[in-house]
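This report goes through the structure shown below, from overall content to individual side-chain pairs.

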Amino acid sequence: MPARVHLIALPPYSPELNPVEVIGDLIKDRIANTLWPTLEALEEALGEELRPIYESAERVRRLVSHPWLINQINATEPENSAVPY
């Protein structure tokens with residue numbers, strides 16, 4: 001490991017530390033409690049829910065960008081940051 005990298009063990013369930021949980025919640029709202037006739041129908045529903053998300057980087061940024069996360073990303077390499085402050 002590089003000298004500046006430190007591993008920190010996370011609790012078994014910590015959605016606030018896993019920003020992608022927000023996207024999972026949106027998808028679950030659409031597909032939960034539904035009996036899908038085929039796997040293809042479920043895959044189509046998932047695709048319909050994911051399409052607006054993956055077509056817009058700004059939407060993804062809004063969904064998963066918590067202030068503490070942006071600060072940590074930008075703290076290491078602010079001149080090269082792809083995430084605006």
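## Surface and overall content

The protein exposes about 6,800 Å², and carbon and sulfur atoms supply 60% of that area. The model is a predicted one. Of the 85 residues in the protein, 14% are buried.

The secondary structure consists of 4 helices and 0 strands, and the order of elements from the N terminus is α-α-α-α. Among contacts between residues at least 6 apart in sequence, 31% join residues at least 24 apart.

## Packing of α1 and α3

Helix α3 covers residues 57–64, and its axis lies 8 Å from that of α1, at an angle of about 105 degrees. Because angles of 65 to 115 degrees count as roughly perpendicular, α1 is described as roughly perpendicular to α3.

The residues that meet are Val 22, Ile 23 and Leu 26 on the α1 side, and Arg 59, Leu 63 and Val 64 on the α3 side.

## Salt bridges

Side chains of opposite charge can pair when their charged atoms come close. The whole structure contains 3 salt bridges.

One of these salt bridges joins the side chains of Asp 25 and Lys 28, with an N to O distance of 3.5 Å. Both residues belong to helix α1, and because they are 3 residues apart, about one helical turn separates them. Asp 25 is partly exposed at 37% relative accessible area, and Lys 28 is partly exposed at 46%.

Arg 30 takes part in a network of salt bridges with Glu 48 and Glu 49. In the pair with Glu 48, the closest N and O atoms are 3.6 Å apart. Arg 30 lies in helix α1 and Glu 48 in helix α2, so this pair ties together parts that are 18 residues apart in sequence. In the pair with Glu 49, the closest N and O atoms are 3.4 Å apart; here too the link runs from helix α1 to helix α2, with the two residues 19 apart.

## Local surface features

Ile 8, Leu 10, Leu 17 and Trp 68 make a nonpolar surface patch of about 430 Å². Trp 68 sits in helix α4, which spans residues 67–76, and is partly exposed with a relative accessible area of 40%.

Asn 33 is not a glycine, yet has a positive phi of about 55 degrees. This residue is in the loop between α1 (21–31) and α2 (39–54). Its relative accessible area is 85%, so Asn 33 counts as exposed.

How values were computed: Residues numbered from 1 in each chain as written. Predicted model: local features only at pLDDT ≥ 70, side-chain atom pairs only at ≥ 80, totals over all residues. Heavy atoms only, no water. Patch = residues over 30% accessible without salt bridge, like charges linked within 9 Å, V, L, I, M, F, W, Y side chains within 5 Å. Areas by Shrake-Rupley, 256 points an atom, 1.4 Å probe, with all protein chains shown as cover. Salt bridge = Lys/Arg side-chain N within 4 Å of Asp/Glu carboxyl O. Buried < 20%, exposed > 50% of the residue type's maximum accessible area, 1.4 Å probe, protein only. Axes fitted to C-alpha atoms, helices over the stretch in contact; angles between N-to-C directions. Parallel < 35°, antiparallel > 145°, perpendicular 65-115°, else oblique. Contact = heavy atoms within 4.5 Å.
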